[in-house]
Amino acid sequence: MAKKYDFLFKLLLIGDSGVGKTCLIIRFAEDNFNSTYISTIGIDFKVKTVDVDGKKIKLQVWDTAGQERFKTITTAYYRGAMGIILVYDITDEKSFENIQNWMKSIKENASAGVNQMLLGNKCDIESRRKVSKEVGEKLAKDHGIRFFETSAKSSLNVEEAFLGLARDILQKNEKKAPVNRDLKLDTSEKKASKCSLI
């Protein structure tokens, strides 16, 4: 049976408990939102196949528990991840401060050079904002990674963020793909990314 996709990318969402990782994944994979999710226990994942620059990419998006007590389980999943999304809650300063610890965790546990992205979630609750967009942008810029502010509730930038990361991984793959791959990669067709930062 022929494969229904050209590539399989494993993505991982990390960040403090309660920042909205599960909501982001469900919004992306199922276009659904429910504000009453219980905390993720350990690890869970969703799959969605997307079209990026003419390639069918199956995204396996892993949702990790943010609580400290699950650290040992969740760090085991860093290793095979091709993209890691760091999530904080713009209404919770502590969740933003902890991004540095999550970045350290990536350094210690993930493959070198893994694609990363920073998301400031819950930007629909502007009245309770504690972390300015500029501060988020600066942190991402300092680390050379892409940044979005998202809202799982209103779906703002959710699709754009996931597709942006998938495109970054695809372009990296195409750069280092050996010529004899059974998947013929036509880099001449690579379109300029329409995904601009907000």
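These are my notebook entries on what I looked up in this structure.

**Entry 1: the chain as a whole.** I began by noting that this is a predicted model. I then went through the secondary structure, where I found six helices and six strands in the chain, and I wrote down their order from the N terminus as β-α-β-β-α-β-α-α-β-α-β-α. Turning to burial, I noted that 46% of the 198 residues of the chain count as buried, while the accessible surface comes to about 10300 Å², with 50% of that belonging to carbon and sulfur atoms. I also looked at contacts between residues at least 6 apart in sequence, and of these 74% join residues at least 24 apart.

**Entry 2: helix H6.** I next asked what span helix H6 should have at 1.5 Å a residue. Helix H6 covers residues 158–176, and its 19 residues should span 27 Å; I found its end C-alpha atoms 28 Å apart, which agrees. I listed the buried residues of H6 too, and among them are Val158, Ala161, Phe162, Leu165, Ile169 and Leu170, but also Arg167, Gln171, Asn173 and Glu174.

**Entry 3: H1 against H6.** I then looked up how helix H1, residues 21–30, packs with H6, and noted an angle of about 85° with the axes 9 Å apart. Since angles of 65 to 115 degrees count as roughly perpendicular, H1 is roughly perpendicular to H6. On the H1 side I recorded Leu24, Ile25, Arg27 and Phe28, which meet Val158, Glu159 and Phe162 in H6. Sorted by class, this contact of H1 with H6 has five nonpolar residues, two charged residues and no polar ones.

**Entry 4: Asn101.** I placed Asn101 in helix H4, which runs over residues 99–109, and I noted that Asn101 is partly exposed, with a relative accessible area of 48%. The C-alpha atoms of Asn101 and Gly15 are separated by 9.3 Å, although these two residues are 86 residues apart along the chain.

Entry 5: Which phi values did I look up here, and why? Most residues other than glycine have a negative phi. Lys122 is found in the loop between strand S5 (115–121) and helix H5 (133–142), and at 21% relative accessibility Lys122 counts as partly exposed. Ser155 sits in the loop between strand S6 (146–149) and H6, and at 31% relative accessibility Ser155 counts as partly exposed.

Conventions. Residues numbered from 1 in each chain as written. Predicted model: local features only at pLDDT ≥ 70, side-chain atom pairs only at ≥ 80, totals over all residues. Heavy atoms only, no water. Helix = DSSP H or I, 4+ residues; strand = E, 2+ residues; numbered from the N terminus. Buried < 20%, exposed > 50% of the residue type's maximum accessible area, 1.4 Å probe, protein only. Contact = heavy atoms within 4.5 Å. Areas by Shrake-Rupley, 256 points an atom, 1.4 Å probe, with all protein chains shown as cover. Expected span 1.5 Å × (residues − 1). Axes fitted to C-alpha atoms, helices over the stretch in contact; angles between N-to-C directions. Parallel < 35°, antiparallel > 145°, perpendicular 65-115°, else oblique. Nonpolar A, V, L, I, M, F, W, Y, C, P; charged D, E, K, R; others polar.
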